[in-house]
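The sequence and structure come next.

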Amino acid sequence: MVGPSRPQFVLFGSSIVQISLNVGGWGSILTDLYDRKDAGVQPSLVIVYFGGNDAMRPHPSGLGPHVPLHEYIQNMTKIYLHLK
């Protein structure tokens, strides 16, 4: 068999995902909960977590991290369809 024999969690996203892997973060807690458990009961899981900065109101200069809601929805839909 090629590749891992156990289901994997995939965390994909922004700095929120990166920080989640710190001690006590939600990504770290998932790792602790499912590490070395029976592979038959582990779920396969993909977490896509973007949008913290995108939720900001647009800066008057037009610069900054804001993404219009319709564009954000289109982007997340493309990611979802690609993963599906």
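## Basis and layout

Helices (H or I, at least four residues) and strands (E, at least two) are DSSP runs, numbered from the N terminus. The model is predicted: local features need pLDDT of at least 70, side-chain atom pairs count only at pLDDT 80 or more, and totals for chains, interfaces and linings use all residues. Residues are numbered from 1 along each chain as its sequence is written, and side-chain values use heavy atoms, with hydrogens and water left out.

Three helices and two strands are found in the chain. Read from the N terminus, the order of elements is β-α-α-β-α. Of contacts (heavy atoms within 4.5 Å) between residues at least 6 apart in sequence, 54% join residues at least 24 apart.

## Exposure of the chain

Accessible areas come from the Shrake-Rupley method with a 1.4 Å probe; for residues, only the protein chains shown count as cover. The chain exposes about 6800 Å², and carbon and sulfur atoms supply 60% of that area. Buried residues (under 20% relative accessible area; exposed means over 50%, and partly exposed lies in between) account for 12% of the 84 residues.

## Helix H2 and its buried face

Helix H2 spans residues 26-34. Its buried residues are Gly27, Ser28 and Leu30. Seen down the axis of H2, these fall within an arc of 160° (taken from the directions from the helix axis to the C-beta atoms), so they line one face of the helix. They pack against strand E1 (9-13), helix H1 (15-20) and strand E2 (45-49).

Ser28 counts as buried because its relative accessibility is 14%. Leaving aside residues up to four places away in sequence, Ser28 touches Ser20, Leu21, Asn22 and Val23. Ser20 belongs to helix H1 and is buried, with a relative accessible area of 2%.

## Thr31

A polar atom of the Thr31 side chain lies 3.0 Å from the backbone oxygen of Gly27. Thr31 and Leu21 are ten residues apart in sequence, and their C-alpha atoms are 8.7 Å apart in space.

## Nonpolar surface patch

Val10, Phe12, Val46 and Leu83 make a nonpolar surface patch of about 330 Å². Patches are made of residues with over 30% relative accessible area and no salt bridge; like charges are joined within 9 Å, and nonpolar side chains (Val, Leu, Ile, Met, Phe, Trp, Tyr) within 5 Å. A salt bridge is a side-chain nitrogen of Lys or Arg within 4 Å of a carboxyl oxygen of Asp or Glu.

Leu83 counts as partly exposed because its relative accessibility is 48%.

Technical notes
Buried means under 20% relative accessible area, exposed over 50%, partly exposed in between (1.4 Å probe, protein chains only). A polar contact is a pair of N or O atoms within 3.5 Å; within protein, one must be able to donate a hydrogen and the other to accept it, and residues adjacent in sequence count only if both atoms are side-chain atoms.
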